[in-house]
Amino acid sequence: MWKKIRPYLYSAPSLIVIGLIILFPILYTGYISLTNMNIYHWFDYTLIGLANYKKALFVFDSGFIPALIRTLLWTMVNMALQVAIAFFIAVLLNTKGLRLKNLYKTFLMFPWAMPAYVSILLWRMGMYNTEFGLLNQLLGKLGLNGVSWLSGSSIAFISCLVVNLWMAFPFMIMTIDGALQSIDQSYYESAELEGAGFFSKMRHITIPSLSPIIMPAVIMTTFTTFKQFDIIYLMTQQKGSNTGANIHTVITYAYEKAFMTNNYGYSSAISIVIFILIIVFTMLTRGVNRKGRKI
Amino acid sequence: MTNKKKKNYIKLLLVNLFFIIICLACMIPILYAVSVSFNAENSFLSSDFSFIPRNFTLDNYKSVIFEKPFLLWLKNTSILAFCTVVLALAIGIPAAYSFSRHRLPGRNALLMILLMLNAFPTILSMFALYTLLKPMGLINSDAGLILIYTGTMTIFSLWNMKGYFDTIPEEIEEAGKIDGASNLQIIIKIIFPLAKPTIIVTAVMVLIYVWNEYIFAINFMTGADNYTLAAGLYALQATEYTRNWPIFSAASLMVSLPILIIFFLIQKQMQSGLTSGGVKG
């Protein structure tokens, strides 16, 4: 008897907390998404069916679809640059005879180790600030006019991109570095015997053996990038110090609709759409992951 | 020196040069903050800025510690972090153990569902959590934040530790059972020591999460006296940063230091602990 209950007893506290903190908000958000709860209907909100979803998905001007396109662009550009540059750096780290490798690695780890919001605020004030930011000081020394790094939409997008890359490189570099070391050196030796050059070795040995190993980490990072909130919010959209750039991603968009314009019904519908999108992506990538593990 | 050796030498020189530049570039935002924090007055507003502080001073650090409620925030954060880590492990370890060892019907489906649920961005749960915790009187209380933080990290902890428990062979436990040890004894005396690496990584991940979380800390706590370090720092930059950039830098660096130390201490485990946890399944 005792033995039968025990497993449930062990997992019950966890499942109760998950039920309260994770599951309840999702169900509640799903319910609110079907109502017109907003600043005018604070307590007397009513069910309005799928109207919020229609507004989000079919009214282009509502801003959700542009935000979604921007988020996809943000994710793709980030991931492409991140993997390509991290790969380049990791390969160089593995140059034969590089004695200071571990020292370099330690320095490269710093952006990962720093608390994310601290890094973001340091970038915002230390680097991008229009008056005393380092970048504009350097431009000033060169006799150039300062740039408002976070004001225009395109430049703000790029500025945020740089910060995200800066924060994300260490994990990707370490992952690729670890994967590089797991490749059997004898492949290279026999390739060298056959007279293969650097690029041929890269293309036929390094990249094919690397991709299955780093794929899980790449997929994980893709989701983190897609869900990235702090950078864009802290850089351009803080309450009271909005820089005027419109670079909403889906998450900051949903956040703004809920907490700045108080349109809870609509924001909830967007949250559910984001949730479904992520689940669909997860399902799709699980196949890739499985295939990767078999190799 | 042969030609090939010479070529190799130049190559290494270039690679080293490349890394020195890259490392510097990567450290600039942090080094700049360090430099500003040790500098007397806002001298970087003048044009003759340099990385090495002209007038070295510790005043900025002193004023963070004594003029701002920094120590109070540190105390709040430490209490929150400690309680959350203890609670997360207390509910996470038995659950992870149970999911790893007991083959209950629907176990794999439940694990998959949990992973799916984890995809919902926490930040979008804020309104619902407010609605839930308000009637319980858990808004503006440590207990409310501890509950939220624990809940947010539970699925990660569960998956991460379950993956590790799976690698501990069950035969070890069988031996304990034959010796007449109770189930609880087996967990405490046999599983705990073996699972130490994953427990440490999980604890540190929870700790870092709590240390760095600011959105809930700001929205669910009112009054600067109740702020955590992250919330306090956020408030500091939101209100008066233009005048207080050196003080902000000093505060940022002090907040980051404990995390930096812990991070580099367990760096190796972090890397493997992170990649293996989310992937196994």
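Tutor: Let's begin with helices: a helix is a DSSP run of H or I with at least four residues, a strand is a run of E with at least two, and both are numbered from the N terminus. This is a predicted model, in which local features need pLDDT of at least 70, side-chain atom pairs count only at pLDDT 80 or more, and totals for chains, interfaces and linings use all residues. Residues are numbered from 1 along each chain as its sequence is written, while chains are lettered from A and ligands numbered from 1 in the order in which they are written.

Student: Where is Asn140(B) found?

Tutor: Asn140(B) sits in the loop between α5 and α6 of chain B. Its phi is positive, about 60°, although Asn140(B) is not a glycine.

Student: Why is Asn140(B) called partly exposed?

Tutor: Count the other C-beta atoms within 10 Å of a residue's own, with C-beta atoms placed from the backbone: 20 or more is buried, 12 or fewer is exposed, and in between is partly exposed. Asn140(B) has 14, so it is partly exposed.

Student: What makes Phe43(A) exposed?

Tutor: Phe43(A) has 5 other C-beta atoms within 10 Å, so it counts as exposed. You can find Phe43(A) in the loop between α1 (2-32) and α2 (51-58) of chain A.

Student: How many helices and strands does chain B have?

Tutor: Chain B comes to 12 helices and 0 strands. Of its 281 residues, 40% are buried.

Student: Why are α5(A) and α1(B) called roughly perpendicular?

Tutor: Axes are lines fitted to C-alpha atoms, for helices over the stretch in contact, and angles run from 0 to 180 degrees between N-to-C directions. Under 35 degrees is roughly parallel, over 145 roughly antiparallel, 65 to 115 roughly perpendicular, and the rest oblique. The axes of α5 (residues 116-127) of chain A and α1 (residues 3-37) of chain B come within 10 Å and cross at roughly 75°. That makes α5(A) roughly perpendicular to α1(B).

Student: Which residues make that contact?

Tutor: Two residues are in contact if their C-beta atoms, placed from the backbone, lie within 7 Å. From α5(A) come Ser119(A), Leu122(A), Trp123(A), Gly126(A) and Met127(A), and they meet Pro29(B), Tyr32(B) and Ala33(B) of α1(B). Here Ala, Val, Leu, Ile, Met, Phe, Trp, Tyr, Cys and Pro count as nonpolar, Asp, Glu, Lys and Arg as charged, and the others, Gly among them, as polar. The residues of this contact divide into 6 nonpolar, 2 polar and no charged.

Student: How many residues does each chain give to the contact between A and B?

Tutor: Chain B gives 69 residues and chain A gives 67. On the chain B side, 50 are nonpolar, 19 polar and none charged.
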